[in-house]
Amino acid sequence: MTTTETTPNPIQSARTLLKELQEKFTVFGEHLPLAIGIDKQLIAQIPDVSRKSLRTALGIHTNSLRYLKGMEKATVRFNLDGSNADEVTDVHRTHATTTLKERFKKNAEHRKAQRQAEEAQRKAAAKQREAEEADRLRAEKLTQLAEKFSRKN
């Protein structure tokens, strides 16, 4: 057995935990704004949960596109049982908006760079084909010339 087969991947276990949380708790499944300190509520509900996996799972969840989009317009945060907790502050709404804008900008820049690289690759391939065709034509001409001058009249 290799090391990866015997030790669980922390990110993978956090993703598994997040999936379980989304199935068990409506606030996770519907990507509602979570109450500040929701980790303490989760630890009380699931005492044997790994704190590191929980922290990672919460990070994945709260940085997800759906969660951030919900935070942009949200006014209330929710406890695990779905009851209202505290209000979502303007600072948190602004943070969600800023994070989304930065993410969209970064993704757009990445897609643009990818398109430019693909275009450069297409141009290089076309140039290569042109060079190969020119070489083929040159070889063909040389062969014709060699045949013409090697003929015995």
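Guide: Helices here are DSSP runs of H or I with at least four residues, numbered from the N terminus, and Arg-93 is found in one of them, helix α7 (residues 90-150). This is a predicted model, in which local features need pLDDT of at least 70, side-chain atom pairs count only at pLDDT 80 or more, and totals for chains, interfaces and linings use all residues. Residues are numbered from 1 along each chain as its sequence is written, and side-chain values use heavy atoms, with hydrogens and water left out.

Visitor: Why is Arg-93 called buried?

Guide: Buried means under 20% relative accessible area and exposed over 50%, with partly exposed in between (1.4 Å probe, protein chains only); Arg-93 has 19%, so Arg-93 counts as buried.

Visitor: What does the side chain of Arg-93 reach at 2.7 Å?

Guide: The side chain of Arg-93 reaches the backbone oxygen of Ala-74 at that distance. Leaving aside residues up to four places away in sequence, Arg-93 touches Met-71, Glu-72, Lys-73, Ala-74, Thr-75 and Val-88, where a contact means heavy atoms within 4.5 Å.

Visitor: What makes the buried residues of α5 line one face of the helix?

Guide: In α5 (residues 51-62), the residues Ser-53, Leu-54, Ala-57, Leu-58 and His-61 are buried. Seen down the axis of α5, they fall within an arc of 135 degrees (taken from the directions from the helix axis to the C-beta atoms), so they line one face. The face turned away from this buried side carries the exposed residues Lys-52 and Arg-55.

Note on methods. Helix = DSSP H or I, 4+ residues; strand = E, 2+ residues; numbered from the N terminus. Expected span 1.5 Å × (residues − 1). Polar contact = N/O pair within 3.5 Å; in protein donor to acceptor, adjacent residues only side chain to side chain.
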